[in-house]
Amino acid sequence: MPNSQLATFPKEISFDDDSLYIEWKDGHGSKYSLLDLRKKCPCATCRGGHGGKVGDATGHIQSIKLLSWTKVGRYAISIVWSDYHNTGIYSYDNLRAYSDGFESAFD
């Protein structure tokens with residue numbers, strides 16, 4: 001895992017039809033599949049809270065688009081998806097850890 005504060009602070013965030021891109025302040029670039037990020041949404045509903053099971057809310061999703069994103073303080077982004085889901089908060093720490101191969105960053 002990166003140990004510099006710069007490693008988990010984005011310099012630039014952009015997206016296209018398939019991917020989210022983050023250029024981190026330490027110079028590292030990350031590319032994320034939008035479908036993968038949507039299925040890994042960290043909100044309570046998608047993570048199985050409120051009496052559900054992990055995957056119940058996202059297992060059926062075959063394709064997704066990112067409509068917009070906004071910063072949440074200095075630590076995360078919130079994404080509005082094409083299915084109008086918008087309650088997941090993706091922390092920079094988890095995004096960077098996931099980019100660096102820590103598959104459990106959102107579990």
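## The cysteines C43 and C46

C43 is buried, because its relative accessible area is 7% and the term buried applies under 20% (exposed means over 50%, partly exposed lies in between; the probe is 1.4 Å and protein chains only are considered). C46 is also buried, at 1% relative accessible area. The structure is a predicted model, in which local features need pLDDT of at least 70, side-chain atom pairs count only at pLDDT 80 or more, and totals for chains, interfaces and linings use all residues. Residues are numbered from 1 along each chain as its sequence is written, and side-chain values use heavy atoms, with hydrogens and water left out.

How many disulfides does the structure hold? The number is 0, where a disulfide is a pair of cysteine sulfur atoms within 2.5 Å. In general, a disulfide is a covalent bond between the sulfur atoms of two cysteines. For C43 the closest cysteine sulfur is that of C46, at 3.6 Å, which is too far for a bond. Seen from C46, the closest cysteine sulfur is in C43, again at 3.6 Å and too far for a bond.

R38 belongs to helix α1, residues 34-39. Helices (H or I, at least four residues) and strands (E, at least two) are DSSP runs, numbered from the N terminus. With a relative accessibility of 3%, R38 counts as buried.

Which residues are in contact with R38, when its neighbours within four places in sequence are left aside? They are C46, T58, I61, I64, W81, D83, H85 and Y90, contact being defined as heavy atoms within 4.5 Å.

## Aromatic pairs

Across the whole structure, a search finds 3 aromatic pairs. Rings of Phe, Tyr and Trp (its six-membered ring) pair if their centres lie within 6.5 Å; planes under 30 degrees apart count as stacked, over 60 as edge-to-face and the rest as tilted. The pair of F9 and Y92 is edge-to-face, because the ring centres are 6.1 Å apart and the planes stand at 80°. F9 is in the segment before β1 (10-15) and Y92 in helix α2 (residues 92-99), so this pair ties together parts that are 83 residues apart in sequence. F9 is partly exposed, at 24% relative accessible area, whereas Y92 is buried, at 3%.

W24 and Y92 form an edge-to-face pair as well, since their ring centres are 6.4 Å apart and their planes are at 80°. W24 lies in strand β2 (residues 19-24) and Y92 in helix α2, so the pair links parts that are 68 residues apart in sequence. Both W24 and Y92 are buried. Together, F9, W24 and Y92 make up one aromatic cluster.
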